[in-house]
Amino acid sequence: MTRGQFKIYRCPECGHLSLTSSSKSTKCPYCNALIHLTPSRVVARFENAREASEYLKKLKSKPSGFKKL
Ligand SMILES: [Zn+2]
């Protein structure tokens, strides 16, 4: 039932994508907001950290999407 311990989530405060292994809530490393990991905020789930960080890298390297300059 607890598949995909590692989650990529989007911070509702600053919009950054980040990675966590906690199940309920985490802190955004960019703006320090406390984020409850609701399904709508979790972008993807992975079973190991390496896969997750590679996917995160891909997401971040996408030219489209939200990008603050
Ligand atoms: Zn944030």
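What percentage of the 69 residues in the protein is made up of buried residues? Buried residues account for 32% of them, where buried means under 20% relative accessible area, exposed over 50% and partly exposed in between, calculated with a 1.4 Å probe on protein chains only. The model is predicted, and local features need pLDDT of at least 70 while side-chain atom pairs count only at pLDDT 80 or more, although totals for chains, interfaces and linings use all residues. Residues are numbered from 1 along each chain as its sequence is written, and side-chain values use heavy atoms, with hydrogens and water left out.

**View 1. Overall arrangement of the protein, with 1 helix and 5 strands.** From the N terminus on, the elements follow the order β-β-β-β-β-α; helices (H or I, at least four residues) and strands (E, at least two) are DSSP runs, numbered from the N terminus. Of the contacts in the protein with a separation of 6 or more, 46% are between residues 24 or more positions apart, a contact meaning heavy atoms within 4.5 Å.

**View 2. The zinc ion and its four cysteine ligands, Cys 11, Cys 14, Cys 28 and Cys 31.** The SG atoms of these residues coordinate the zinc ion at 2.2 to 2.3 Å, donors being N, O and S atoms within 2.8 Å of the metal (3.2 Å for Na, K and Ca), and since water is not among the atoms, sites may look incomplete. Along the chain, the donors of the zinc ion are spaced as C-x2-C-x13-C-x2-C. The arrangement is tetrahedral because the 4 donor atoms subtend angles of 107 to 116° around the zinc ion, and four donors count as tetrahedral if all angles lie between 85 and 135 degrees. For comparison, the ideal angle for four tetrahedral donors is 109.5 degrees. Cys 28 is buried, with a relative accessible area of 1%, whereas Cys 31, at 34% relative accessibility, counts as partly exposed.

**View 3. The open sheet of 3 strands in the order β2-β1-β5, with antiparallel pairing.** The edge strands β2 and β5 each pair on one side only, and the twist averages 20° from one strand to the next; axes are lines fitted to C-alpha atoms, for helices over the stretch in contact, and angles run from 0 to 180 degrees between N-to-C directions. Helix α1 (residues 49–61) lies across β1, β2 and β5, and runs at about 175° to β2.

**View 4. The hairpin formed by β1 and β2, with 6 residues between the strands.** Strand β2 (residues 17–20) pairs with β1 in the antiparallel sense over 4 bridges; Tyr 9 stands opposite Ser 18 in β2, and the bridge partner of Lys 7 in β2 is Thr 20. In the turn, Gly 15 has a positive phi of about 85°.

View 5. Thr 26 counts as buried, at 14% relative accessibility. Not counting residues up to four places away in sequence, Thr 26 touches Tyr 9, Thr 20, Ala 33, Leu 34, Ile 35 and Leu 37. The side chains of Thr 26 and Thr 20 are joined by a polar contact of 3.5 Å, that is, a pair of N or O atoms within 3.5 Å, of which, within protein, one must be able to donate a hydrogen and the other to accept it, while residues adjacent in sequence count only if both atoms are side-chain atoms.

Methods
Tetrahedral: all angles 85-135°; square planar, octahedral: opposite > 155°, others 65-115°. Pairing = 2+ DSSP bridges.
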